[in-house]
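Subject: Structure for your review

Dear colleague,

Please find below the structure that I am handing over to you, with its sequence. My findings follow it.

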Amino acid sequence: MNRMLVTGAAGFIGANFVRYWLAAYPDDHITVVDALTYAGNRANLDGLLSERCVLVEANINDTELMMQLLRDHGLTTVVHFAAESHVDRSIEGPDAFIEANILGTHSLLKAARQVWQTEAHAPADHRFHHVSTDEVYGSLSMDAPAFTELTAYAPNSPYSASKAASDFLVRSYHHTYGLNVTTSNCSNNYGPFHFPEKLIPLIIINLLHGKSLPIYGDGKNIRDWLFVEDHARGIEKVLNHGTIGETYNIGGVNEWTNIDIVSLVCQLMNERFKTDESLRSRFPECPAASERDCAQLITYVKDRAGHDFRYAIDTTRIRDELGYEPAVSFEKGIELTLDWYLENQPWWQAVLDGSYRDTDT
Ligand code: NAD
Ligand code: TDX
């Protein structure tokens, strides 16, 4: 039986990870720590909280509290998702990224080191797994080979620079203090509970409302998309079989230009409106409700500052050493995602109108 601290699990990927883990490991216990920033949403944990899974609303920068939780809940594994995660916000205001991603990660590392390595009742075994991003490697040209774990770090945004700094801190706590760490660097995730400031959910929700679909620059930038549950499976492989001190790249080997992925979502939405009559009355402003093509909402806008051109992940290490393969094809994952947003309007409506922040809901 494992007792885990999962940080940032009221957010997109952490919530999906906890859902996956609780179902796969019925004997395990999870303590979620989340500061419930704008990106944290209690509703993401609906149906999951129980005696086996508790939510503590707290900031990872509170080192004393993190130590207390590790001790009092007998936690021997940390899976660290908590972070500021949106590149555009990091361009507008980097400070929150330094605070959460760098200082927050360091606070957790200090807590783990103190409780797991120096105290009388330290557990025999422990693990600190750090969840990071492919963006730490910088940007690729069209024909450059995909990022491997040996690719030199070259972060370009305040977000990716803060994640790179946190990766190095994690590395140093292994090298210097012998903390049992692993790190995974994953490509772009998509799926349920994705906050609608990010490309795919933003596009889905905008087109349902007949709003323009903003494409930065020429739309030719490339991302490697992975269904969020497959990210959870990758972290599971690393937790169960990964080598201490190592980093593992996780990706979908699934590169799409932004304009192609937005066009695909438009095409799938056109089809949904043809097969499901009820969508016309639910979303009358969507072009597909009046048999027009959703793609007419595509609007090219000013590019993101310092916009990385291409990310691509070489998954050889995690595939060959840990036997990891994504389980959900992109064709299936994008359909699942679209259907999730169509079926969970109250979830995203509450995000749009701000009521998801009400503490008594
Ligand atoms: P998210 O923004 O949806 O969720 C982040 C969560 O962390 C929120 O619930 C927020 O309340 C919480 N949080 C933020 N600062 C905190 C603090 N100081 N203390 C406690 N909680 C805090 O992010 P996400 O997309 O789920 O990403 C999770 C992790 O995965 C991040 O570390 C991100 O860098 C990494 N990652 C994301 C992607 C992606 O495509 N979204 C890809 C690779 C890696
Ligand atoms: O309105 C938009 N229009 C647009 O063209 C938005 C929000 C984005 N884009 C472009 C920018 C990117 O090239 O789409 C691409 C994807 O953008 P985001 O969804 O903001 O993701 P990205 O910047 O690629 O970063 C994501 O993947 C790596 C996550 O937000 C990070 O947390 C993760 O580390």
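Glu 291 lies in the loop between helix H9 (278-282) and strand E12. In this predicted model, Glu 291 has a positive phi of about 55° although it is not a glycine. Most residues other than glycine have a negative phi. Is Glu 291 buried or exposed? Its relative accessible area is 63%, and exposed means over 50%, so Glu 291 counts as exposed.

Val 253 also has a positive phi, near 45°, and is a residue other than glycine. The place of Val 253 is in the loop between strand E10 (247-250) and strand E11 (255-257). With a relative accessible area of 62%, Val 253 is exposed.

Two residues from other parts of the chain are buried. Glu 197 lies in the loop between E7 and H6. Buried means under 20% relative accessible area, and Glu 197 has 15%, so it counts as buried. In sequence Glu 197 and Ala 39 are 158 residues apart, whereas in space their C-alpha atoms are 9.5 Å apart. Leu 213, found in strand E8, counts as buried at 0% relative accessibility. Leu 213 and Thr 105 are 108 residues apart in sequence, and 35 Å lie between their C-alpha atoms.

E8 pairs with strand E12 (residues 298-301) in the parallel sense, over four bridges. In E12, Thr 299 is the bridge partner of Pro 214.

Which residues are the closest to ligand 2? They are Thr 133, Glu 135, Tyr 159, Arg 304 and His 307, in a shell of 18 residues. E8 gives the most to this shell, with three residues, and helix H6 (199-208) and E8 each supply at least two. By class, the shell around ligand 2 divides into seven nonpolar, six polar and five charged residues.

Polar contacts to ligand 2 include both side-chain and backbone atoms. A polar side-chain atom of Glu 135 lies 2.7 Å from an oxygen atom of ligand 2, and a polar side-chain atom of His 307 lies 2.7 Å from an oxygen atom of this ligand. A backbone N or O atom of Pro 214 is placed 2.8 Å from a nitrogen atom of ligand 2. Ligand 2 taken alone exposes 650 Å², of which the protein buries 94%.

I turn next to ligand 1. This ligand is surrounded by 29 residues, the closest being Ile 13, Asp 34, Ser 85, Tyr 159 and Lys 163. H1, strand E5 (127-133), helix H5 (158-177) and strand E7 (188-190) each supply at least two residues of the shell around ligand 1. The largest share, three residues, comes from E5. The shell around ligand 1 has 15 nonpolar, twelve polar and two charged residues.

Several backbone atoms make polar contacts with ligand 1. A backbone N or O atom of Ile 13 lies 2.8 Å from an oxygen atom of ligand 1. A polar backbone atom of Ala 35 is 3.0 Å from a nitrogen atom of the ligand, and a polar backbone atom of Leu 36 is 3.5 Å from an oxygen atom of ligand 1. How much of ligand 1 does the protein bury? Taken alone, ligand 1 exposes 830 Å², and the protein buries 96% of that.

Finally, I describe the start of the chain. Strand E1 (residues 3-7) is mostly covered, with four of its five residues buried. Which strands are joined to E1 by bridges? Strand E2 (residues 29-34) runs parallel to E1 and is joined to it by five bridges; strand E4 (residues 77-80) also runs parallel to E1, with four bridges between them. Leu 5 has Thr 31 in E2 as its bridge partner, and Val 6 has Val 79 in E4. Together, E1, helix H1 (residues 12-24) and E2 make a right-handed β-α-β unit.

Yours sincerely

Key
Residues numbered from 1 in each chain as written. Chains lettered and ligands numbered in written order. Predicted model: local features only at pLDDT ≥ 70, side-chain atom pairs only at ≥ 80, totals over all residues. Heavy atoms only, no water. Buried < 20%, exposed > 50% of the residue type's maximum accessible area, 1.4 Å probe, protein only. Pairing = 2+ DSSP bridges. Right-handed = clockwise from strand over helix to strand, strands pointing away. Near = heavy atom within 4 Å. Polar contact = N/O pair within 3.5 Å; in protein donor to acceptor, adjacent residues only side chain to side chain. Areas by Shrake-Rupley, 256 points an atom, 1.4 Å probe, with all protein chains shown as cover. Nonpolar A, V, L, I, M, F, W, Y, C, P; charged D, E, K, R; others polar.
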